[in-house]
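Opening the notebook on this one. I wanted to look up the sheet, a helix packed on it and the pocket.

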Amino acid sequence: MRAFREAVEAGDLDAVEALLAEDVVFTSPVVFKPYPGKAITASILRGVTRVFEDFRYERELDGSDGRDHALVFRARVGERELTGCDFIHLNEDGLIDELTVMVRPLSGAQALAAAMGAQFDQILKDAEARSAPAS
C-alpha cells in the first residue's frame, strides 16, 4: 500500500494513523493476542518508531484484489538486525482493517519483544489519550 509506505518512510505518524480503520486489528510478531482498535494500533506503531533503527522497506507486494498488501522491511533493534513483513488488508473504504507484522530471525524478534516491552507503559498511556473523547 503506497500511502502507508510513504507515510511510514516519511515518519508521518499522523498520516499513518489516518489510514487506520476504527476497528483495525493489529497482530504483533511477539505477542499472542491481537490488539483491536485504532488508538492502540496507532500507539504501538509510534512505539515501534522509537525502537527500530535503520528501518527501510525493500519490497512491496500487492494481491490481485487490491485489498491485500505486503511490505517487506529491514531494521535494527540495538545490535540485532531483523527482516520483517507488514501484511495489510484494506476494508471497503480503503482503510487498513488488519495489520499483521512478522519478523525474523528469532534473535531479532526477541530483541524487538524486549524493546517494545520497555515501551509498553508509554504505549498504553498514549492509546488511552488517543481514545479519550475530545474536550
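I started with the sheet: it is open, has six strands in mixed pairing, and runs in the order β2-β1-β6-β5-β4-β3. Strands here are DSSP runs of E of at least two residues, helices are runs of H or I of at least four, both numbered from the N terminus, and two strands pair if DSSP finds at least two bridges between them. At the edges I found β2 (35-36) and β3, each pairing on one side only. Strand β1 (residues 20-27) runs parallel to β6, joined by four bridges. Phe-26 sits opposite Leu-99 in β6.

A note on provenance: this is a predicted model, where local features need pLDDT of at least 70, side-chain atom pairs count only at pLDDT 80 or more, and totals for chains, interfaces and linings use all residues. Residues are numbered from 1 along each chain as its sequence is written, and side-chain values use heavy atoms, with hydrogens and water left out.

Next I checked α1. Its buried residues (under 20% relative accessible area, 1.4 Å probe, protein chains only) are Phe-4, Arg-5 and Ala-7. They line one face of the helix, because they fall within an arc of 165 degrees seen down the axis of α1, taking directions from the helix axis to the C-beta atoms. Their cover includes α2, β3, β4 (68-77), β5 (80-90) and β6, with contact meaning heavy atoms within 4.5 Å. Gly-11 follows α1, with a positive phi near 70 degrees.

Last, the pocket lining: α4 gives the most to the lining of the largest pocket, five residues.

Key
Buried < 20%, exposed > 50% of the residue type's maximum accessible area, 1.4 Å probe, protein only.
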